[in-house]
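Welcome, and please have your viewer ready.

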Amino acid sequence: MAKGAQKEARLRRLREEILKFVSVNPGCTASQIVAWLSIDLKMKNHGLTPRKVGFFIPRYCKELVWKQDSLTGKRVYTNTA
């Protein structure tokens, strides 16, 4: 087993699950993504917060774009395609 293989596997799964959720639910916020990951998918030991997801998406999910919601001031994520 390669060094850091579990970390890479977690990162890959988190990336895939975020992309899948946003493609099904365009216009979602980081809070909604975290709720779905931690409650519905039981990814509780990842230590996910909306702030962490907000930093994760621009770094690892280049397929997603965000715009500022004028009503709430939150970032709303959608797919580029």
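**Stop one: the cysteines**

Before going on, a word on the model: it is predicted, so local features need pLDDT of at least 70 and side-chain atom pairs count only at pLDDT 80 or more, while totals for chains, interfaces and linings use all residues. Residues are numbered from 1 along each chain as its sequence is written, and side-chain values use heavy atoms, leaving out hydrogens and water.

The structure holds zero disulfides (a disulfide is a pair of cysteine sulfur atoms within 2.5 Å). Are these cysteines buried or exposed? C28 counts as buried because its relative accessibility is 2%, and C61 is buried too, with a relative accessible area of 1%. Here, buried means under 20% relative accessible area, exposed over 50% and partly exposed in between, using a 1.4 Å probe and protein chains only.

**Stop two: K62**

Now select K62, in the loop between α3 (50-60) and β1 (64-68). Helices (H or I, at least four residues) and strands (E, at least two) are DSSP runs, numbered from the N terminus. K62 counts as exposed, at 62% relative accessibility.

Show the side chain of K62: it reaches the backbone oxygen of P58 at 3.1 Å. Which residues does K62 contact, leaving aside neighbours within four places in sequence? They are I57 and T80, where contact means heavy atoms within 4.5 Å.

K62 and T80 are 18 residues apart in sequence, and their C-alpha atoms are 8.9 Å apart in space.

Definitions and conventions
Polar contact = N/O pair within 3.5 Å; in protein donor to acceptor, adjacent residues only side chain to side chain.
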